[in-house]
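Keep the sequence and the 3D view at hand as you go.

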Amino acid sequence: QVQLVESGGGLVQAGGSLRLSCAASGRTNTINTVGWFRQAAGKEREFVAAIGWASGTIMYGDYVNGRYVKGRFTISRDNAKDMVYLQMNNLKPEDTAVYFCASLREGAWTNVDAYDYWGQGTPVTVSS
């Protein structure tokens, strides 16, 4: 099994920044990809970004109404520390959500159902 623990969420004003961290432990050698998802109140969980654990390949999600995170959010990893990060800049109130990291062995990176293990989530609130 893989255990994932997120941290770094909090309350920030619009235009501010946060860096979320995801610490992986357990059978990390089985991880192919780590993804970040977010879930706003009353909405479905949606894909934010993912990074290949070994390859470092990166994918960012696109959202409804043309709200893109690419350019504002940056995903990165530190394999030596078994950590994945999500740097979020120029935050907007619509970024308010609980952010989850998850690990994937195989499957489509954007598919929430393909991920095997999930952290407990870290809440992010962006005030206007």
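**Exercise 1. Work out the strand order of the open sheet and find its edges.**

Step 1. Four strands make up an open sheet, ordered 1-3-8-7, with antiparallel pairing. Strands here are DSSP runs (E, at least two residues; helices are H or I, at least four), numbered from the N terminus. Two strands count as paired if DSSP finds at least two bridges between them.

Before going on, a note on the model. It is predicted, so local features need pLDDT of at least 70 and side-chain atom pairs count only at pLDDT 80 or more, while totals for chains, interfaces and linings use all residues. Residues are numbered from 1 along each chain as its sequence is written, and side-chain values use heavy atoms, leaving out hydrogens and water.

Step 2. Strand 1 (2–7) and strand 7 (73–78) are the edges, each pairing on one side only.

Step 3. Now look at the pairs. Strand 1 and strand 3 are joined in the antiparallel sense over six bridges, and Gln3 has Ser25 in strand 3 as its bridge partner. Strand 3 and strand 8 also pair in the antiparallel sense over six bridges; there, Ala23 stands opposite Met83 in strand 8.

**Exercise 2. Find the disulfide and describe it.**

Step 1. A disulfide is a pair of cysteine sulfur atoms within 2.5 Å. Searching the whole structure gives one.

Step 2. The partners are Cys22 and Cys101, with sulfur atoms 2.1 Å apart. They link distant parts of the chain: Cys22 lies in strand 3 (residues 18–26) and Cys101 in strand 9 (residues 97–104), 79 residues apart.

Step 3. The torsion about the S-S bond of Cys22 and Cys101 is about 70°, so this disulfide is right-handed.

Step 4. Are these cysteines buried or exposed? Both Cys22 and Cys101 are buried. Buried means under 20% relative accessible area, exposed over 50% and partly exposed in between, using a 1.4 Å probe and protein chains only.
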